[in-house]
Amino acid sequence: VTPADADPASTLVEEVVLGDRRLLLERPADPEALLDESRFDCDEFLPYWAERWPSGDALAVHVSTLPLAGRSVLELGCGLGLPSLAAATRGARVLATDWAPEATTLLAENARRNGLAVETAVVDWREPGAFIARGRFDLVLAADIAYEERNVEPVVALLAELGAETLIADPGRRHMYQLLDRLVDDGWQLDTVAAPTLPAGGIHRARRLR
Ligand SMILES: C[S@@+](CC[C@H](N)C(=O)[O-])C[C@H]1O[C@@H](n2cnc3c(N)ncnc32)[C@H](O)[C@@H]1O
């Protein structure tokens, strides 16, 4: 239940340390205040973009150790987009996407706030349309995107079009194992980077062999 006096527009700014960088991240102070029944009725939209999730944090920490200068990086379901900000600190050319326009708008502001270049786009995995024409990316990032079964097939299809290497962080959700099985069926080779803050899951690296 959302308290009647919750202010959906209220935000806070917190400091996030990624490697040798300190970033300022603005985010909604009370994500539950963003719950909107009319948007849920339309496609079961929930404002998950507005929270800091353990998978996004863990993937950002990992990405902040990678040599990405000049590499093209795409993030799917970016939410607050810490992995995209981390990739930008490493010199990558970053495109961050989410189906929630509020997410990409706030991420663009956070990139500016930190002097980082991050391009953003509103993309629904189920209707990627013209977005596919942007071609392939050196690295695709995705954190906690397998929390509903309906996400699995669209993400598998999109990865086949978009990337040769993908890092997917997950807290151990059961649909992630379904997604990983489907990637293996599609010819991806998998290994997992342990992430201490994701004890039941990890960061799954998928590379396309054929
Ligand atoms: C659990 S949140 C994770 C957010 C962020 N990656 C993180 O780990 O902090 C899932 C994200 O996927 C986005 N999402 C859900 N369904 C989507 C869809 N069909 N197309 C694109 N993004 C979607 C949500 O808006 C949300 O930002």
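In the predicted model, Arg 52 is partly exposed, with a relative accessible area of 30%. The side chain of Arg 52 forms a salt bridge with Asp 57, in which the closest N and O atoms are 2.7 Å apart. Asp 57 likewise counts as partly exposed, at 24% relative accessibility.

Helix α2 spans residues 54-63, and seven of its 10 residues are buried, so the helix is largely enclosed by the rest of the structure. The buried positions in α2 are Ser 55, Gly 56, Ala 58, Leu 59, Ala 60, His 62 and Val 63. The elements that cover these buried residues include the strands β1 (11-18), β6 (139-143), β7 (165-170), β8 (188-193) and β9 (202-208), together with helix α3 (82-89).

Arg 205 forms a salt bridge with Glu 165, with a separation of 3.9 Å between the closest N and O atoms. Because Arg 205 lies in strand β9 and Glu 165 in strand β7, the pair ties together parts that are 40 residues apart in sequence. Arg 205 is partly exposed at 24% relative accessibility, and Glu 165 is partly exposed with a relative accessible area of 24%.

Salt bridges with shared partners join Asp 43, Asp 124, Arg 126, Glu 148 and Arg 150 into one network. Within this group, Arg 126 forms a salt bridge with Asp 124, the closest N and O atoms being 2.8 Å apart. Asp 124 is buried, with a relative accessible area of 18%, whereas Arg 126 counts as partly exposed at 35%. The count for the model comes to 18 salt bridges.

How values were computed: Residues numbered from 1 in each chain as written. Predicted model: local features only at pLDDT ≥ 70, side-chain atom pairs only at ≥ 80, totals over all residues. Heavy atoms only, no water. Buried < 20%, exposed > 50% of the residue type's maximum accessible area, 1.4 Å probe, protein only. Helix = DSSP H or I, 4+ residues; strand = E, 2+ residues; numbered from the N terminus. Contact = heavy atoms within 4.5 Å. Salt bridge = Lys/Arg side-chain N within 4 Å of Asp/Glu carboxyl O.
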